Amino acid sequence: MDFGLNEQQEMMQTLARDFLAGEYPNKVLKAMVKDEKGCAPELWEKMAEMNLMGLSLPEEYGGVGDFLDLIVVLEEMGRVCFLGPYFSTVAVGAAAIMAGGNKEQREKYLPDIASGKANVTLALTERKVEYEADALQTMTISRGGYFVINGTKLFVPDAQAADFIICAARTGESNGGGDGTTLIIVDRNEPGITMRPLKTVSGEKLYEVIFENVKSSARNVLGEVNHGWRIVEKVLQRANVARCAEMVGLAQQSLNMTLDYAKERIAFGHPIGAFQAIQHRCADMLIDVEGSRFATYQAAWRLNEGLDAAKEAAAAKAWVSRACRRVMTSAHQVHGAIGFTEDHLLHYYTKRALACEFSYGGNDVQLAKLAALYK
């Protein structure tokens, strides 16, 4: 079985790695953590020129490549601990429009996303922070040719940088199977929308978004009214596998930093990497990184081929999350106190890995999905 990248994927890997090495040095990472909006317009324009925004979208909408190409690029973004509205727009927002949008909606939104002119985010979670349809309390009712939305969304990624928000809202009674929910695209500048930034450990830009009598045309409904959760489930699968790719990059770079440190740090007259305990620790980290990569690419391949990937996506997110934690823990133990300082990059990677682990469903959520598949 060949797990290697094909020629196009290797080209995308090289392209992304070289670009990020030049345009996203450590000082940019630190600046993005402190930036209120978390979006650098000049960097965004350069990424759009490289067509990174169009990855996994069809060519007719200005896109290029497939989901595996996007996975390769996201792993490279993990290596540099990339912050910005890329994931929320390309891996989630555009995926939702592709999964549920009609021809008119795709033609209206996707070309602007692919060209970097528009950002979009998904407003899904609420106070319970559960990735289940029954947890939705935000209501929307049909009034003439519009839907009127009322409710509060929490942990909405990059809402301040988004031009459009895809809101998951309740339009009917819950039946325990996901019905009664609807996805609606809302212009961020519509009257009645207020936002409040939430404090995060990783520098990720999450917001509380309040909808108060916000109107959106009935033409902006993705898919069928009352059946929006079917789209959400598809998007969550792709989002979790995409997060795995990011965590693989984070873990790989943390391993690289640890190996460099083990070769340079002298103790008792020798580099600490000469000691067996450190060698075994690094070997365990390598096993976790490679295992995570295989689990991620297997799930991504099934999604890319249009195959059922419910089991593989949930297993990958659960396994990669645990493996990434082990890698980060080992990296800090090898580095010692220096890894916790503000000047060292390792703590940025650890915090980012934790944020990736919990977004779109943490370990418990994925294990529950796997358990449900084998009832």
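The legends below accompany close-up views of a predicted model. In this model, local features need pLDDT of at least 70 and side-chain atom pairs count only at pLDDT 80 or more, while totals for chains, interfaces and linings use all residues. Residues are numbered from 1 along each chain as its sequence is written, and side-chain values use heavy atoms, with hydrogens and water left out.

**View 1. The largest cavity and its lining.** Three cavities of 30 Å³ or more are found in the structure. Here a cavity is a set of points, on a 1 Å grid over the protein atoms alone, where a 1.4 Å probe fits but cannot get out, and lining residues have an atom within 4 Å of a point. Grid points are joined across faces, edges and corners, and a volume is the space filled by probe spheres set on the points. The largest cavity has a volume of about 110 Å³. Its lining holds 13 residues, with Gly84, Asp158, Glu204, Lys205 and Arg352 nearest the centre. By class, four are nonpolar, four polar and five charged; Ala, Val, Leu, Ile, Met, Phe, Trp, Tyr, Cys and Pro count as nonpolar, Asp, Glu, Lys and Arg as charged, and the others, Gly among them, as polar.

**View 2. The second largest cavity, lined in part by α4 and α5.** This cavity has a volume of about 60 Å³. Look for Leu74, Met77, Phe82, Gly84, Tyr86, Phe87, Glu246 and Arg352 along its lining. The elements giving two or more residues to that lining are α4 (67–79) and α5 (86–100); helices (H or I, at least four residues) and strands (E, at least two) are DSSP runs, numbered from the N terminus. Five lining residues are nonpolar, one is polar and two are charged.

**View 3. The largest pocket, with α11 as the main contributor to its lining.** A pocket is an open set of grid points with protein on both sides within 12 Å along at least five of seven lines. The largest pocket has a volume of about 510 Å³. Of its 23 lining residues, Tyr131, Glu132, Trp229, Glu233 and Lys369 lie nearest the centre. At least two lining residues come from each of α7 (229–264), α9 (310–335) and α11 (363–373), and α11 gives the most, six. The lining has 12 nonpolar, six polar and five charged residues.

**View 4. Ile166 in the largest nonpolar core.** A nonpolar core is a set of buried Ala, Val, Leu, Ile, Met, Phe, Trp, Tyr and Cys residues joined through side-chain atoms within 4.5 Å. Buried means under 20% relative accessible area, exposed over 50%, and partly exposed in between (1.4 Å probe, protein chains only). Among the 90 residues of this core, Tyr24, Met47, Phe82, Tyr86 and Ile166 touch the most other members. The largest share of the core, 15 residues, comes from α7. Leaving aside residues up to four places away in sequence, Ile166 has contacts (heavy atoms within 4.5 Å) that include Gly93, Ala96, Val120, Leu183 and Leu222.

**View 5. Cys244, a buried cysteine.** The whole structure has zero disulfides, a disulfide being a pair of cysteine sulfur atoms within 2.5 Å. The closest cysteine sulfur to that of Cys244 belongs to Cys356, and at 9.4 Å this is too far for a bond. Cys244 has a relative accessible area of 0%.
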